[in-house]
Amino acid sequence: MTSDTSPTLADALAAGTVVLDGGMSNQLESAGHDLSDELWSARLLAERPEAVTEAHLAYFRAGADVAITASYQATFEGFARRGIGHEEAARLLALSVDLAREAARQAGDGGVDRPLGVAASVGPYGAMLADGSEYRGRYGLSVDELERFHRPRMEVLAAAAPDVLALETVPDADEGAALLKAVRGLGVPAWLSYTVDGLHTRAGQPLEEAFALAADRDEVIAVGVNCCAPEDVEPAVEIAARVTGKPVVVYPNSGESWDAGARAWTGRTRFGAEQVKAWQDAGARLVGGCCRVGPEAIASIRQAVDAA
């Protein structure tokens, strides 16, 4: 976490529940930024880095203990399609960690008096494709091919010294296996978080099998789910805790549905802080929100965690 005297994230998980932030994209959009291109929020790392810091800061002020960086859709391949070379792409990946650290510093200067941490987001291969395939998996690539895709940017992010690597929104157990191979030897702990549909990954594998991949991996400090419907969380938490014995990370969407063709959200919000206690009782120790979950919801989660 941010100070020399602060506990590590693993220590914090052993002591209680850690509050994560909410959706980066919805916070940036609410501030008036256009995220309609293929780089999504990663574009602002190059064009408006101060906006990324402000988004992180809003969540720290709302009660988040950990900020997840704006690197979900930041890849060497994706940047290259925009004419950004390898060296500059590496700088932007590292910058994503620095911006979250700067937000933590500003939050502390502004009176937020608790340890604040940074999780470096490692999104799935499908996020780079920007075609919604992160919600399907089954890319036609082998585990080794996926590892070769992920490892270079994970090396850059790890070198920027985040508190943890967030291997997140993983739709496929094969990609989970690739990420677990890629994280070896980086010297930074990780969490592994699947996006799910009921009791299966988006690619259709049983969650028991998907979570079991991380059960004996010492560098993995938490497993769980994100970018899923709120009602899918509690059963997944129970499975993750039982299969791995590790703390569980959960940060679902608001409950609205993403229409990839229209690039718009539909439906109603089904996310509420009153759900948090059931998640905690099932084993959740990192709790936050993903798409369409903003600072107000994170503030409610903070209150629910503090009241427990």
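**Close-ups of a predicted model**

View 1. Residues are numbered from 1 along each chain as its sequence is written, and side-chain values use heavy atoms, with hydrogens and water left out. F211 sits in helix α10 (residues 207-212); helices are DSSP runs of H or I with at least four residues, strands are E runs of at least two, and both are numbered from the N terminus. Is F211 buried or exposed? It counts as buried, because its relative accessibility is 1%; buried means under 20% relative accessible area, exposed over 50%, and partly exposed in between (1.4 Å probe, protein chains only). L192 is 19 residues away from F211 along the chain, with 8.5 Å between their C-alpha atoms.

**View 2. T201 in its strand.** Here we look at T201, part of strand β7 (residues 200-201). With 2% relative accessibility, T201 counts as buried. Leaving out neighbours within four places in sequence, its contacts are P171, D172, A173, Y194, T195, V196, L207 and A210.

**View 3. The largest nonpolar core.** A nonpolar core is a set of buried Ala, Val, Leu, Ile, Met, Phe, Trp, Tyr and Cys residues joined through side-chain atoms within 4.5 Å. The largest one here has 79 residues, and M154, L165 and V250 touch the most other members. Which helix gives the most to this core? That's helix α6 (residues 86-109), with eleven residues. Zooming in on V250, and skipping residues up to four places away in sequence, we find it touching V225, V233, V237, W279, A284, L286, V287 and G288.

View 4. In soluble globular proteins, nonpolar side chains tend to be buried together.

**View 5. Stepping back to the chain.** Now for the setting of these close-ups. The chain has 13 helices and twelve strands, and 58% of its 308 residues count as buried. Along the principal axes, its C-alpha trace spans about 50 × 45 × 40 Å. Of the contacts between residues at least 6 apart in sequence, 77% join residues at least 24 apart.

Key
This is a predicted model: local features need pLDDT of at least 70, side-chain atom pairs count only at pLDDT 80 or more; totals for chains, interfaces and linings use all residues. Contact means heavy atoms within 4.5 Å.
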